[in-house]
Amino acid sequence: MAPLAHATSLPGYPGASLRADAARNVAQIRSAAIAAFHGRGLGTPLEEIAAAAGVSKATIYNRFGGRQGLIDAVIEELVGTEMGTILDRARQPGDPWERLASYITDLCDLQYREPAAVDVHLMTYPGSAQVTAQWSAGQAAGIALVEQAHQAGVLRADCTADDLYQALVANGL
């Protein structure tokens with residue numbers, strides 16, 4: 001059976017839903033994963049998450065397919081919402097230098113506060129579709145901001161989007 005992530009119904013069976021205890025397990029695993037990943041990043045051992053949720057590690061695999069599925073199920077709540085806010089702010093009209101500086105400051109601040117954001121920026125789990133999507137959106141925004149700053153003449157031509165990426169990686173490390 002495919003991982004159920006945070007679903008309460010069974011894929012391929014319209015109207016069929018998880019038993020109450022299975023739905024409760026999914027909710028408990030999600031909650032425990034968010035707390036654990038928030039504190040230690042996406043590499044937190046699944047055994048610790050299972051223990052905090054009051055389930056076996058096998059239940060995580062049964063309901064989420066393993067670490068990648070669990071990450072995909074919770075990364076939006078951990079990092080995605082705030083990344084979306086940062087990206088929206090960076091896309092607002094205004095001074096290209098201020099937008100670039102704000103983007104960098106906001107990302108660094110997020111890295112300091114949220115270990116899972118570091119995992120996204122470092123692409124620690126490239127098999128996670130949600131992590132890859134967030135990383136790609138951030139990369140595209142960084143490239144656009146650097147290009148706009150170049151066009152406005154507020155950023156030296158030899159400062160590239162790759163330099164920005166390397167700075168964020170260094171900050172994360």
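I started with helices α1 (residues 20-40) and α4 (residues 67-90): their axes come within 10 Å and cross at roughly 75°. That makes α1 roughly perpendicular to α4 (angles of 65 to 115 degrees count as that, under 35 as roughly parallel, over 145 as roughly antiparallel, the rest as oblique). Axes here are lines fitted to C-alpha atoms, for helices over the stretch in contact, with angles from 0 to 180 degrees between N-to-C directions. Helices are DSSP runs (H or I, at least four residues), numbered from the N terminus.

A note on the source: this is a predicted model, where local features need pLDDT of at least 70 and side-chain atom pairs count only at 80 or more, while totals for chains, interfaces and linings use all residues. Residues are numbered from 1 along each chain as its sequence is written, and side-chain values use heavy atoms, without hydrogens and water.

Next I listed who touches whom, contact being heavy atoms within 4.5 Å. From α1, Ile29, Arg30, Ala33, Ile34, Phe37 and His38 meet Arg67, Leu70, Ile71, Ala73, Val74, Glu77 and Leu78 of α4. I get nine nonpolar, one polar and three charged residues for α1 with α4 (Ala, Val, Leu, Ile, Met, Phe, Trp, Tyr, Cys and Pro count as nonpolar, Asp, Glu, Lys and Arg as charged, the others, Gly among them, as polar).

Then I turned to α7 and α8. They pack at an angle of about 130°, axes 9 Å apart, and are therefore oblique to each other. Trp135, Gly142, Ile143 and Val146 in α7 meet Ala161, Leu164 and Tyr165 in α8. By class, I have six nonpolar, one polar and no charged residues for α7 with α8.

Notes:
Helices (H or I, at least four residues) and strands (E, at least two) are DSSP runs, numbered from the N terminus.
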